[in-house]
Amino acid sequence: MSLEVFEAHMRTAIKLARYALDHEETPVACIFVHSPSNKIVAYGMNDTNKSLTGIAHAEFMGISQIQQKFGVHNTEIFSEIILYVTVEPCIMCASALKQLGIKRVVFGCSNDRFGGNGSILSIHQDTCTTPSNNYNIVPGILRREAIMLLRYFYVRENENAPKPRAKSNRKLDVENFPPMNWSKYINREQFLEYFDEDNLRHYDDMTDLSRDVEWGLIDSCQDDILERLEQDCESFELHRVKKLKTDVI
């Protein structure tokens, strides 16, 4: 896998997160990619506001789609799936992904309050629960874009909140970003494995892979993203059926 592939898939997740933001949800979204075919299997976005369910996280929405396609008890497919999610999975989601046997998790920004992939706990490397299902992670992909979407959300008024907080005095910071402490998530050897040596300075300086924010990506309307994702998932189904027929022959 290359940085270009990581970024390409994360852009899709970012677009879905922007869609969530425009539809009154927390802008967190993900896609599940079948690694051998590089095709999208499922997708999910935060649905806690609409569903009024605290566990309706993006990862669970995607997991539910996969289980509908392959069966609840068939977890083998997860060993071939890479999750791309805009925000580091929380402890709950990280644990679920581990128990299902996910191949890899690629995320944008850290989850400093509930992160389960290094920020608070390192569930993916935990030896207490299904140690055979440990998975690796790739952090910091389009981190600034993921952070900015969250900032957009937090400066908006939430009219549906039980006790709405006045946010008119909050200013949107578009220039300053916290340091990226790569060592909390991966070591130098892993960093070199995922990225090339020219980027190693970012590991030592705790900086993002790019200082530029793709404003066109996060400031654009993404109302067509669901249709595109449905087409991508259908493409995977067609690929899968074709492969099964080939295997039978």
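A: Start with the word buried: a residue is buried when its relative accessible area is under 20%. R18 has a relative accessible area of 12%, so R18 is buried. Keep in mind that this is a predicted model.

Q: What makes D22 and R18 a salt bridge?
A: The cut-off is a side-chain nitrogen of Lys or Arg within 4 Å of a carboxyl oxygen of Asp or Glu. The closest N and O atoms of D22 and R18 are 3.0 Å apart.

Q: How are D22 and R18 placed in helix α1?
A: They are 4 residues apart, which means about one helical turn separates them. In an α-helix there are 3.6 residues a turn, so residues three or four places apart point the same way.

Q: How do you know that R156 and D22 also form a salt bridge?
A: Their side chains meet at 3.8 Å, N to O. The limit is within 4 Å, so the pair counts.

Q: What does the pair of R156 and D22 tie together?
A: R156 lies in the loop between α5 (143-154) and α6, and D22 lies in helix α1. The pair therefore ties together parts that are 134 residues apart in sequence. R156 itself is partly exposed, because its relative accessibility is 32%.

Q: What makes R11 and E214 a salt bridge?
A: Their side chains meet at 2.9 Å, N to O.

Q: Are R11 and E214 buried, partly exposed or exposed?
A: R11 has a relative accessible area of 26%, so R11 is partly exposed. E214 has 27%, so E214 is partly exposed.

Q: Which residues are linked with R11 in a network of salt bridges?
A: E7 and E214 are linked with R11 in that network. A search of the whole structure finds 8 salt bridges.

Q: Why is T12 called buried?
A: T12 lies in helix α1 (residues 3-22). Its relative accessible area is 3%, so T12 is buried; the limit is under 20%.

Q: Which residues does T12 touch?
A: Leaving out residues up to four places away in sequence, T12 touches I31, I40, I225, R228 and L229.

Q: What makes E197 exposed?
A: The label needs over 50%. E197 has a relative accessible area of 61%, so E197 is exposed. E197 sits in the loop between α6 (188-194) and α7 (200-205).

Q: Which residues form the negative surface patch with E197?
A: E4, D196 and D198 form that patch with E197.

Q: Which residues form a nonpolar patch on the surface?
A: L172, V174 and W215 form it, with about 230 Å² of accessible area together. A patch residue needs over 30% relative accessible area.

Q: What covers the buried residues of α4?
A: The cover includes β1 (29-34), α3 (58-70), β3 (81-87) and β4 (104-109). Among the buried residues of helix α4 are C93, L97 and K98.

Technical notes: Residues are numbered from 1 along each chain as its sequence is written. This is a predicted model: local features need pLDDT of at least 70, side-chain atom pairs count only at pLDDT 80 or more; totals for chains, interfaces and linings use all residues. Side-chain values use heavy atoms; hydrogens and water are left out. Helices (H or I, at least four residues) and strands (E, at least two) are DSSP runs, numbered from the N terminus. Buried means under 20% relative accessible area, exposed over 50%, partly exposed in between (1.4 Å probe, protein chains only). Contact means heavy atoms within 4.5 Å. Patches are made of residues with over 30% relative accessible area and no salt bridge: like charges are joined within 9 Å, nonpolar side chains (Val, Leu, Ile, Met, Phe, Trp, Tyr) within 5 Å. Accessible areas come from the Shrake-Rupley method with a 1.4 Å probe; for residues, only the protein chains shown count as cover. Lys and Arg count as positive and Asp and Glu as negative; His and the chain ends are not counted. The place of a charge is taken as NZ of Lys, CZ of Arg, CG of Asp or CD of Glu.
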